[in-house]
Amino acid sequence: MPPEGESQDQRCLVAFVVPVRNDAIRLARCLASIRATAGPDASIIVMDHGSVDGSADVALAAGARVVGAGRDMPNVAALRNQGAGLADTPFVAFIDADHEVAPTWLASALAAAGDSHIGAVGAPYHPPQPGTWVQQWYDALPRHPAAVEPAEWSGAGNLLVRRDAFTAVGGFDLTLEASEDVDLCHRLARAGWRLLNVPGMRCIHHGDPATLTHLFRQELWRGRDNLRV
């Protein structure tokens, strides 16, 4: 049975693309949460970036389609683009392996994206609970609106994009190691598409930096492409 308030037709509108590299435990939780929001027949494409920890086996056991991308793929943007190219649905959902989406995710995303002028919808990440003080502080930085509102960009770990819009702007920029999601959203907006922040698309980011050292390394890595974007 589909989750309450959701139909078989809704589930057929979306293909989920999940890139992974050696993250089997968190991938299992991610895929279980996708099944919980989208049902047992959801289309899930796991892009395996040369994992050696059994991530591919976890994905197959969860009923996902596994595509072995190999370590020669340049970055996660390339993995997402390849996965989106395999989708034949009107929408593509990009969910990272270390994320866990809420049961309300799919119904909320599709309700917000129903207007044909909407190019993408998403929501800020939340840390795992109770979380460290670093995670609590970091979570207080982005706005977490209580209602649907316009957005400038959304993170690619928790994002639903209209496939025609994604294709029209050329997908993610393969030259970017980081901030590729910011760049994609900006190009969608310049092309005339609207973007929305949707609270019902709540997700937990289990890879949220738990220490100052982790946070510093993350921001240092992300900063390499921030100025370009």
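**Close-up 1. Glu180 and its salt-bridge partner Arg80.** Glu180 counts as buried because its relative accessibility is 5%, where buried means under 20% relative accessible area, exposed over 50% and partly exposed in between, with a 1.4 Å probe and protein chains only. In this predicted model, local features need pLDDT of at least 70 and side-chain atom pairs count only at pLDDT 80 or more, whereas totals for chains, interfaces and linings use all residues. Residues are numbered from 1 along each chain as its sequence is written, and side-chain values use heavy atoms, with hydrogens and water left out. Glu180 forms a salt bridge with Arg80, their closest N and O atoms being 2.6 Å apart; a salt bridge is a side-chain nitrogen of Lys or Arg within 4 Å of a carboxyl oxygen of Asp or Glu. This pair links distant parts of the chain, with Glu180 in helix 8 and Arg80 in helix 4, 100 residues apart; helices (H or I, at least four residues) and strands (E, at least two) are DSSP runs numbered from the N terminus.

**Close-up 2. The salt bridge of Arg80 and Asp96.** The side chains of Arg80 and Asp96 meet at 3.1 Å, N to O, and the pair links distant parts of the chain, Arg80 lying in helix 4 (residues 76–86) and Asp96 in the loop between strand 4 and strand 5 (99–101), 16 residues apart. Arg80 counts as buried at 3% relative accessibility, and Asp96 counts as buried at 16%. Arg80 also lies over the face of Phe172, at 5.4 Å from the ring centre; a charge sits over a ring if NZ of Lys or CZ of Arg is within 6 Å of the ring centre and within 35 degrees of the ring normal.

**Close-up 3. The ring cluster of Phe94, Phe166 and Phe172.** A search of the whole structure finds four aromatic pairs, where rings of Phe, Tyr and Trp (its six-membered ring) pair if their centres lie within 6.5 Å, planes under 30 degrees apart counting as stacked, over 60 as edge-to-face and the rest as tilted. One of them is the tilted pair of Phe94 and Phe166, at 5.4 Å centre to centre and with 40 degrees between the planes. Phe94 in strand 4 (residues 91–95) and Phe166 in helix 7 (residues 163–168) are 72 residues apart. Phe94 and Phe172 form an edge-to-face pair, with 5.3 Å between centres and 75 degrees between planes. Phe172 lies in the loop between helix 7 and helix 8 (180–190), so its pair with Phe94 ties together parts that are 78 residues apart in sequence. The relative accessible area is 0% for Phe94, which is buried, and 2% for Phe172, which is also buried.

Close-up 4. Pro19 is buried, with a relative accessible area of 8%, and touches Met47, Val76, Leu79, Arg80, Ile95, Asp96 and Ala97, not counting residues up to four places away in sequence; contact means heavy atoms within 4.5 Å. Pro19 and Val76 are 57 residues apart in sequence, yet their C-alpha atoms are 7.0 Å apart in space.

**Close-up 5. The salt bridge of Arg194 and Asp115.** The side chains of Arg194 and Asp115 meet at 3.7 Å, N to O, with Arg194 in strand 9 (residues 194–197) and Asp115 in the loop between helix 5 and strand 6 (118–122), 79 residues apart. Arg194 counts as partly exposed at 43% relative accessibility, and Asp115 is partly exposed at 34%.
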